[in-house]
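Here are my notes on the strand pairing and the nonpolar cores. Please read them with the model open.

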Amino acid sequence: MINPLFITTPHSGTHVLCYSVGTLSQRHVSTPTRRIMTIPNAQDNKNDIHQTHLPAHRECSNVYNKLVLLTRTPVNLILRNITMSGDLTRECGGAACLAHYDSRSIIKEKLNNLKECLSTRERSENFALPTNKFEIEDFPELMSDYRLKVHLGHGDIRHQYLLLQFFDNWKGDKKIVFYNELMNNPKETFSELELFFEERWDIDNFVKNIESHHAYIHQYYNSHNNRENRKSMGQNSRKDGRYASMLNNNDKIELEKIYRNIHPYLYDKYLK
């Protein structure tokens, strides 16, 4: 029997993926401690989809038999983190107000700070991964300081690479889903997941009503996160992403090189 585990980087479409696959596969969605999303058509004889940002359970490899990693491309991940950071919120009144400020100069300044940090001795401390075989039970200790290192994208970068290392060492069935593909090519993404789950889903009908599904997810997210009128929900996530459009091609190339140099093996295998 399928027992799926979804590991996701924050703010990368977790609710969209979980609700969509939950509805298509007729499964509820849970965290390791509680059910977080009740799917109306879920079947009681199917295991829940288990979702977490931090796969911390020692028994993961023995309990779950399908692993899905949801994440963003490097440029979008870093820029999304920078534009939503606490510093930018204080400077600009939040990402929703970026249009009223010189957001490009602010982002450029923060990217320059990030580049400087990556070239110093702090790099090994901020982005180091374990050199020994990565064990699932080590994850809580490795991530214990994650919340303290979100400044300038450190947390999200290290978090993504830790999830990629977790994914790389997973011995069972596994699949990566990227946010921009989920939002821009939902039918193709769901078709690939249908094959991965080895099931038959009514994808055509789901995609035909995708706008109403997104409206429901939008409402669900706002009601469970004390948000009002959150409007993003992927509508600005065209192929290269609204965040990547804030940079010119040279900046994107430089940023990709920086990202690759942190952990070349994982970048080349999963993000290239």
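1. Terms first. Two strands pair if DSSP finds at least two bridges between them. Helices (H or I, at least four residues) and strands (E, at least two) are DSSP runs, numbered from the N terminus.

2. Basis. This is a predicted model, where local features need pLDDT of at least 70, side-chain atom pairs count only at pLDDT 80 or more, and totals for chains, interfaces and linings use all residues. Residues are numbered from 1 along each chain as its sequence is written, and side-chain values use heavy atoms, leaving out hydrogens and water.

3. Strand pairing. S1 runs parallel to strand S5 (residues 66-71), joined by five bridges. Phenylalanine 6 has valine 68 as its bridge partner in S5. S1 also runs parallel to strand S4 (residues 49-52), with three bridges. There, glutamine 51 is the bridge partner of phenylalanine 6.

4. Burial of S1. Buried means under 20% relative accessible area, exposed over 50%, partly exposed in between (1.4 Å probe, protein chains only). Five of the five residues of S1 (residues 4-8) are buried, so this strand is largely enclosed by the rest of the structure. Both faces are covered: Pro4, Phe6 and Thr8 on one side, Leu5 and Ile7 on the other.

5. Nonpolar cores. A core is a set of buried Ala, Val, Leu, Ile, Met, Phe, Trp, Tyr and Cys residues joined through side-chain atoms within 4.5 Å. The largest has 29 residues; Phe6, Leu17, Val21, Leu182, Phe190 and Leu193 touch the most other members. Helix H1 (14-25) is among the elements giving two or more residues. H1 supplies the largest share, six residues. A second, separate core of 25 residues includes Leu5, Tyr64, Leu163 and Trp170.
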